[in-house]
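Subject: Structure handover

Hi,

Here is the structure I promised to pass on. My notes on it follow below.

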There are 2 protein chains.
Amino acid sequence: MSIIDELAKLGKMSDKHIKKYLLMNTSKEFEEVILYQINTGGKRIRPALTLASCLACEGDINEAFPAAASVEIAHNYSLILDDIIDHSELRRGKPTVWKKYGISTAILVAVHYRESATEALNDTYSPREFNKMFARTLKLLTDGERLDILFEQSGREDEPYVVHNRYSSIEFENYLEMIYKKTGALIETSCIFGGLSARADKKMLDALSSYGKMLGYAFQIGDDIIDLFGETEKTGKKVGGDIIEHKFGNAVIALALQELEEEKREKLLHILRKDKVLDNDIKEAIKIIEKYSNARQKAETLRQKYSQMAIESLSAIPNNKGKEYLIELANFISLRRY
Amino acid sequence: MSIIDELAKLGKMSDKHIKKYLLMNTSKEFEEVILYQINTGGKRIRPALTLASCLACEGDINEAFPAAASVEIAHNYSLILDDIIDHSELRRGKPTVWKKYGISTAILVAVHYRESATEALNDTYSPREFNKMFARTLKLLTDGERLDILFEQSGREDEPYVVHNRYSSIEFENYLEMIYKKTGALIETSCIFGGLSARADKKMLDALSSYGKMLGYAFQIGDDIIDLFGETEKTGKKVGGDIIEHKFGNAVIALALQELEEEKREKLLHILRKDKVLDNDIKEAIKIIEKYSNARQKAETLRQKYSQMAIESLSAIPNNKGKEYLIELANFISLRRY
């Protein structure tokens with residue numbers, strides 16, 4: 001078994017804890033609906049990070065399961081709501097919660113998930129300490145989602161806040177702020193929760209924090225590359241989803257816009273701002289990016305740089321199996337194609 | 001100043017705490033949007049209950065402000081989401097959050113509110129104890145909202161879960177279960193939080209629990225009476241909103257359906273199940289209920305019974321100013337017309 005397979009197995013070990021909290025204080029007749037989202041799949045990267053981080057700090061993983069459950073529940077909570085916000089009908093090849101059950105039901109399921117995370121954190125040794133970080137993380141995640149939406153260049157005409165506050169251009173710094181909030185903060189917290197569960201000292205917690213932050217950048221930049229250049233057979237997703245969604249908030253697009261000469265830049269902006277982006281538009285946008293900019297290569301370089309920085313952050317952590325997991329995950333993320 | 005005015009003033013004392021938590025970890029540029037919902041008004045009944053319950057248990061109200069803030073934030077969190085679920089465009093005479101800013105923004109604001117409640121509870125003396133009750137309460141609230149929706153007799157054709165699981169008839173017991181979950185549980189928790197903040201003993205906590213539960217029934221039955229028989233000039237609401245929303249989940253309607261003879265019952269059901277309920281339908285439904293059933297009077301009697309039971313629950317509490325507030329509030333709720 002490869003170390004990545006072992007790590008996936010570690011993540012899956014949190015499933016029974018996740019389900020325990022999701023079914024706590026739940027009406028029998030609603031259980032099936034509650035479990036639908038968590039059963040659609042997912043790689044359990046966040047709980048795997050919590051458990052591996054706990055091991056890396058030489059803690060007992062049994063102490064880390066409640067915190068591991070809380071981060072995966074939080075992740076799925078945000079997915080249920082993001083799918084409503086983005087009108088996404090499919091996730092992991094299956095109907096999203098709102099598509100399957102309706103928007104009202106999806107909102108109620110999301111609220112239920114959020115409370116299950118609190119129930120999980122109540123089983124940690126210090127709900128106060130874990131909750132402080134958890135609440136801050138989810139507020140960041142919300143703000144990241146807000147920025148991601150405001151970076152869109154069209155759509156949402158029925159949403160006054162978005163229409164009035166859209167960004168007409170962004171710096172790469174804005175992109176990095178957005179992805180730290182939207183993706184990085186919860187990945188960072190997943191790592192710190194492992195350290196906290198192991199009662200690690202500040203030096204080790206700082207190492208995990210830095211590792212998680214860098215891994216978050218690498219992970220999201222990887223997602224952005226895959227969105228534009230992935231192979232549908234492997235990813236199960238349509239190529240160019242971010243172009244369809246009019247996004248500035250994709251590393252490759254943000255880098256291309258900085259670099260392209262005026263005429264090509266205007267052409268790309270024109271496509272991103274079309275009411276309805278067609279298949280030919282996607283092809284043309286990707287062609288412009290690949291032919292007239294080095295954005296794809298730059299994004300790849302950044303992804304590898306952040307993965308490398310993640311690994312370097314771990315120098316304060318002793319060499320052990322947990323650290324090995326974290327290093328291999330960073331290596332995997334620096335190269336993944338789906 | 002009447003004792004009810006004093007109690008309202010007590011509730012308002014929680015406002016600066018509520019705002020402190022809402023603005024914690026918030027982007028400057030999002031603050032105005034975050035504060036909109038809480039600034040639309042509201043009677044602050046829940047924090048008033050927490051503070052009065054703390055006083056009734058001879059505690060220091062300064063210890064109760066974080067918990068008082070958490071219940072009002074939870075209430076507003078549920079209102080933001082309920083307004084999305086019910087497509088409500090106005091609340092307290094102002095546009096609802098989704099109507100003013102758009103649905104995506106409203107969802108993000110709701111998530112932010114939820115985390116602010118956690119931040120508030122982190123300032124209590126035992127986040128574990130408060131969070132346990134809080135999570136359970138919000139799961140009940142979610143389930144109550146689910147039942148309320150399933151008791152509707154038309155609409156939501158685009159929501160598969162609702163269409164497939166609607167109740168075609170309900171017992172009064174089902175109604176009571178639904179309102180305990182939807183309304184009563186958070187009112188009960190508001191009271192218990194005051195007792196916990198005062199470090200009250202089990203006997204007093206049980207008294208507050210029973211008081212809150214009974215008050216919740218009286219409060220919601222009162223709301224249902226006002227929905228059908230209130231005066232728009234006083235309530236600021238259209239008469240018969242629950243008929244427009246096709247609801248079985250209104251005390252008067254539920255009681256009338258039990259009592260009406262076949263023909264009138266069918267007529268009322270027909271109106272509740274119409275795709276679109278017109279003004280004349282509302283008038284007719286109310287006429288049927290008033291002329292051919294004693295449902296209005298029965299609901300009034302129940303409201304008074306539950307208010308009385310709330311007051312009787314307080315016998316374990318010593319006579320003091322806090323108890324006086326709780327008694328007067330129950331008296332007020334047994335009679336209120338708006």
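The model is predicted. I start with one helix pair in chain A.

**Helix pair**
α1(A) and α18(A) cross with a left-handed sense. α1 covers residues 3–12 of chain A, and α18 covers residues 321–335 of chain A. Their axes lie 9 Å apart, at an angle of about 110 degrees. Angles of 65 to 115 degrees count as roughly perpendicular, so α1(A) and α18(A) are roughly perpendicular to each other. From α1(A), the residues in the contact are A:I3, A:I4 and A:L7. They meet A:E324, A:Y325, A:E328, A:L329 and A:F332 in α18(A). By class, this contact has 6 nonpolar and 2 charged residues, and no polar ones.

**Interface between the chains**
How many residues of chain B are in contact with chain A? The count is 43, and they touch 43 residues of chain A. On the chain B side, α5 (65–85), α6 (97–101), α7 (103–121), α8 (127–150) and α9 (160–165) each give two or more residues. α8(B) has the largest share, with 14 residues. The chain B side splits into 18 nonpolar, 11 polar and 14 charged residues.

Best regards

Methods: Residues numbered from 1 in each chain as written. Chains lettered and ligands numbered in written order. Predicted model: local features only at pLDDT ≥ 70, side-chain atom pairs only at ≥ 80, totals over all residues. Contact = placed C-beta atoms within 7 Å. Helix = DSSP H or I, 4+ residues; strand = E, 2+ residues; numbered from the N terminus. Nonpolar A, V, L, I, M, F, W, Y, C, P; charged D, E, K, R; others polar. Axes fitted to C-alpha atoms, helices over the stretch in contact; angles between N-to-C directions. Parallel < 35°, antiparallel > 145°, perpendicular 65-115°, else oblique. Left-handed = near helix turned anticlockwise from the far one by under 90°.
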